[in-house]
Amino acid sequence: MGWIFLVLIAALCLIFFRLCWILSSRKGIRPVTKGSGCSCLIVLGSGGHTTEMLRIAGTLGPKYSPRTYVLAESDKFSKGKLEEAHRVETKDIKWHIRYIPRSREVRQGLFGTVLGTSKALIASIVLVAQERPDLVLCNGPGTCVPVCFAAYLMRFLALKHIRIVYVESICRVQTLSLSARLLYLFTDEMVVQWQSLKQLYPKSTFIGRIS
């Protein structure tokens, strides 16, 4: 039994040091140079989150392509807004949609939340392993949390360094959203749009309002 305990301690130490090394080597969004591209996995949420994220994605240009847009299965709003946005964008951008279960529905109980989150995490791991993007871009819907953790798992296992960029909503002035707080230590770039948030969260990046 003693050797099993030592093996467990050694495994925990390795996991701890691996995690510390990853957290100390966070990188921001990779500039796209001439002749290169950046495959993106962009998480959309219903309502305002989708509108903001499509506005952000519209500023990236065709070199941030191909793009995989991730929607919750129960999201009836985002697909229409996405198709509308791409009707007016350049045809050089290749994109498609993938769906994952929503982690938590409105007024869902504890058991349903745990079950939904587990299903969403498993689906996210499969999705990220299949798509293998260079960049995950999100801005706050609960759907983004399992996707980001799945991307971080790829990095932890040394399968691929997927950069995670989180853009906090313009609506968050005094405190980060729950999703942002959960992901704060795991993102390569936590972008905030208010100076007050930069002061509270020094590892974030203040860029002003995104038009």
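**Salt bridges, helix packing and a buried valine**

E131 counts as partly exposed, at 23% relative accessibility; here buried means under 20% relative accessible area, exposed over 50%, and partly exposed in between, computed with a 1.4 Å probe on protein chains only. This is a predicted model, in which local features need pLDDT of at least 70 and side-chain atom pairs count only at pLDDT 80 or more, while totals for chains, interfaces and linings use all residues. Residues are numbered from 1 along each chain as its sequence is written, and side-chain values use heavy atoms, with hydrogens and water left out. Helices (H or I, at least four residues) and strands (E, at least two) are DSSP runs numbered from the N terminus.

**Salt bridges**

- The count comes to three salt bridges, each being a side-chain nitrogen of Lys or Arg within 4 Å of a carboxyl oxygen of Asp or Glu.
- E131 pairs with R98, the closest N and O atoms being 2.7 Å apart; since R98 lies in strand 3 (residues 95-100) and E131 in helix 4 (residues 110-131), the pair ties together parts that are 33 residues apart in sequence.
- K160 is partly exposed, at 22% relative accessible area.
- R155 forms a salt bridge with D188, with the closest N and O atoms 2.6 Å apart, and this pair joins helix 5, the place of R155, to the loop between helix 6 (178-183) and strand 6 (189-192), the place of D188, 33 residues apart.
- Here both partners are buried: R155 has a relative accessibility of 4%, and D188 has a relative accessible area of 5%.

- Helix 2 spans residues 48-57, and its buried residues are T50, E52, M53, L54, I56 and A57.
- The cover over these buried residues includes strand 1 (40-43), strand 2 (67-72), helix 3 (78-87), strand 4 (135-138) and strand 5 (163-167).
- Helix 2 and helix 3 pack at an angle of about 20°, with their axes 10 Å apart; axes are lines fitted to C-alpha atoms, for helices over the stretch in contact, and angles run from 0 to 180 degrees between N-to-C directions.
- The two helices are therefore roughly parallel to each other, a label given to angles under 35 degrees.
- Where they meet, T50, T51 and L54 of helix 2 touch S78, K81, L82 and A85 of helix 3, contact meaning heavy atoms within 4.5 Å.

**V128 in helix 4**

- V128 lies in helix 4 and is buried, with a relative accessible area of 0%.
- Apart from neighbours within four places in sequence, V128 is in contact with L41, P133, V147, A150, A151, M154 and I162.
- Its C-alpha lies 9.7 Å from that of L153, a residue 25 places away in sequence from V128.

**Cysteines**

- A search of the whole structure finds zero disulfides, a disulfide being a pair of cysteine sulfur atoms within 2.5 Å.
- C148 is in no disulfide, and the nearest cysteine sulfur, that of C138, is 3.6 Å away.
- C148 is buried, at 2% relative accessibility, whereas C171 is exposed, with a relative accessible area of 62%.

Technical notes
Angles under 35 degrees count as roughly parallel, over 145 as roughly antiparallel, 65 to 115 as roughly perpendicular and the rest as oblique.
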